[in-house]
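Colleague: I would like to learn how to read a few features of this model. Shall we start with the structure on screen?

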Amino acid sequence: MILKNYLPLAFLFVFVSLSAQQIRVLDRDTQRPIGGVAVYNDDASKTTVADFEGIVDISKFDEDERITFQSISYLNFSELKSEIIATGGKVYLQPDASQLDEVVVSVSKFGQQRKDIPQQISTLTSYDVAFTNPQTAADLLESSGQVYVQKSQLGGGSPLIRGFSTNRLLITVDGIRFNTAIFRGGNVQNVISIDPFSIDRSEVILGPGSVVYGSDAVGGVMNFYTKDPKFSLKEGMDVSGQVTGRYATANSEKTGHVELNLGMKQWAFLTSVSYSDFDDLKMGKNGPDDYLRPQYVDRINGEDVVVDNPDPRVQVPTGYDQINAMQKIRFMPESDWDFELGLFYTTTSDYPRYDRLYRLRDGNLRSAEWYYGPQEWLSGNLQINHTSRSNLYDESLLTLSYQQFAESRNDRDFGEDILFETSEKVDAYSAGLDFTKKLNKATVFYGLEYVYNMVNSEGKQTNIITGNSMGDVSRYPDGSTWQSMAAYGSLQLKLAKDLSFQGGLRYNHVLLDASFEGPYYDFPFTEADINTGAFTGSAGFAWQASEILGWKLNFGTAFRAPNVDDVGKIFDSEPGSVVVPNPELEAEYAYNYELGVNLNFDDYLKLELAGYITQLKDALVRRDYDLDGQTEIIYQGELSNVQAIQNAAKAEVYGFEAGMEVNFTESLQLTSQYSITDGFEEDDSGNTNPIRHAAPQFGNSHLIWKKGKLKLDAYAEYNGQFDFEDLAPSQVSNDFLYAKDENGNPYSPEWYTLNIGGQYEITNAITLNAILENITNQRYRQYSSGITAPGTNLIVAATMTF
């Protein structure tokens, strides 16, 4: 009878004891559970594995036994069982910086092993930012050796990937669409609004990504993941942060950065602020004289005057300044719920459109002024992550976002009193709901997305003498809207231990509405309405045939729906030409085929090779056009040839990419990247021309030595040549951008730079960086760029962490 009365208490004691043997394994930085962690004792006689939520039962281990926790992409952790239980039954694993690229987020919006993904991915981390010290996010992308960057001015950077650029590439920040309805087919510099100091990780998908990301993801997707606030791992508040100062000689860059993290048990706050001031950029000494700046225009005593440049290597004017701010707030009431609010604000000063300031008309400088107004980006987003054991999903992600983009263009001809001004503002709203669910050997990803853009555009003329302004035609139809609604699903299937399949489908519906009513429009139409849908899909295999050889085969489709820039833009594309609206546009489609091979010889020599072909149907390109039979009209006082964006018959891009890594010793490593791209456009008449955004052959090689607190990197950047015959017609028309060959025709010469960088940790809190770029002082200009690259440039930076 007594035993019967005490049985419930005995069962309760056993239950509590067993529960205390269950612990949870978490990521030290994100506090999220880590599934699949191997857990074992010293001689591996006792082993177990953490479940999807990071929970593992350690009751089989003795109290005084040391337990080791091991997981891919994390540093091993060992601790006595008694100490693990005494500290609350939670184990925190530190991400392994050297293995960060083994886990990829961008392909499905959830973590996947790189080896199981059929697409080619280029990854950069905050460690790369700290070492390379890029001035902008465009410079960071360029350092990968797989992304080419065009620059029209110092405040610029337009990425080119696999022969595509601007609105055929997609940018996301924390998984949120950064492209707007006015991303154009020419070069854009919006990526400089993203602060490199705020980036934790960047993943670039080389090739189509429309299944997950929708319109514009034709040539690639550039995903920027910003830093997350970190919780405290101890009682009370934990305060940490860093301060960085940087100076560069080529443009007298002065940059300061402050970062502060306040972490508590359930709440965390991260503040990041950066400010940069750039002076006029000085080019190199050895190279074509065509790039020199012998004269520039100045306003003296109320008149435009041509001034001799005392140093023609200084590109006057190119300087500007920029401020970036980020605030993140994170709340994690339970390990399965994660709320994060992200706020961003970036603005520049006015910055000159340098390539427009050295154009000539009848042998004289054409423009007195040509500058962009402040480029502003305001963003707020809320992301809610939930892990669950439900039948519908293991993990879900709800994303709500509002962004506002503002930009303007201002130009005035030499000797004229009228300043032409256009200003644009885009309000962008988006909502996304994404899920993942593991089913035996398969993992399913699916989701919904809605995007809404409202475009406000104004134009005016201002007399700089009197200050009087009057309305003028705007760049875009004011009040235009662009909407996208989509649903997608994809599957990753483990067919065998070394063979994975990944495929998916997406349906996207796009609505566009633009009105051309008003006193400034004289077109044979009054509105443009687009109502179109698109199916896209992908399928690929990743096969690790042996320890040495791995194969990747992938097929993907992508699309780009016409946006407001395609349908409704009015602008001067080049001297003597004006682009007018075309309301008859249709979506373009891309079909991509690629094959990759990986070779790994005992981690001593690693090779990655990939070849691809991308075919565009109904490609959106600029062509001569007519308005009610008129092929020329007067625009801003000049007789101009009429052009419009049109669906050309066909375009094709093909290329080859190679990467190499040689590990001579633990301290000495050689890496190299090389890319070859080519292609053509074919119009309805069957005529073919070189494709505009196919970059010349380019790459880099790095010899890296690391020992203790010191890291050295001797590297070379190199770029092939485009002869006159290799230039697209639009580039031949912009001959002022290029050097001249022996026949007086424009061409883009080959070039190289030799560079060396170093990093030294004086203490755990203080790190010094120095990079000497372009040691041989080469004068070169990247393909299609309007500004010449820096000459010899010394960059020095100091960082203090606390």
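Modeller: Start with exposure: buried means under 20% relative accessible area, exposed over 50%, and partly exposed in between (1.4 Å probe, protein chains only). This is a predicted model: local features need pLDDT of at least 70, side-chain atom pairs count only at pLDDT 80 or more, and totals for chains, interfaces and linings use all residues. Residues are numbered from 1 along each chain as its sequence is written, and side-chain values use heavy atoms, with hydrogens and water left out.

Colleague: Why does Asp618 count as partly exposed?

Modeller: Because its relative accessible area is 23%. Its backbone deserves a look too. Phi of Asp618 is near 55°, a positive value in a residue other than glycine.

Colleague: Where does Asp618 lie?

Modeller: In the loop between β43 (605-617) and β44 (620-624). Helices (H or I, at least four residues) and strands (E, at least two) are DSSP runs, numbered from the N terminus.

Colleague: How do I read strand pairing?

Modeller: Two strands pair if DSSP finds at least two bridges between them. Take β19 (residues 253-263) and β20: they are antiparallel over 10 bridges. They form a hairpin, with 3 residues between them.

Colleague: How many bridges join β20 to β25?

Modeller: 12, with the strands again antiparallel; β25 covers residues 320-331. There, Ser276 stands opposite Gln322 of β25. The Val316 to Pro317 peptide bond is cis, with omega near -10°.

Colleague: Which residues make up the two faces of β20?

Modeller: The strand spans residues 267-278. Ala268, Leu270, Ser272, Ser274, Ser276 and Phe278 form the covered face. Trp267, Phe269, Thr271, Val273, Tyr275 and Asp277 form the uncovered one.

Colleague: And surface charge?

Modeller: Like charges are joined within 9 Å, nonpolar side chains (Val, Leu, Ile, Met, Phe, Trp, Tyr) within 5 Å. Here Asp678, Asp723, Glu725, Asp726 and Glu742 form a negative surface patch. Asp726 is partly exposed, at 32% relative accessibility.

Definitions and conventions. Patch = residues over 30% accessible without salt bridge, like charges linked within 9 Å, V, L, I, M, F, W, Y side chains within 5 Å. Areas by Shrake-Rupley, 256 points an atom, 1.4 Å probe, with all protein chains shown as cover. Salt bridge = Lys/Arg side-chain N within 4 Å of Asp/Glu carboxyl O. Lys, Arg positive; Asp, Glu negative; His and termini not counted. Charge placed at Lys NZ, Arg CZ, Asp CG, Glu CD.
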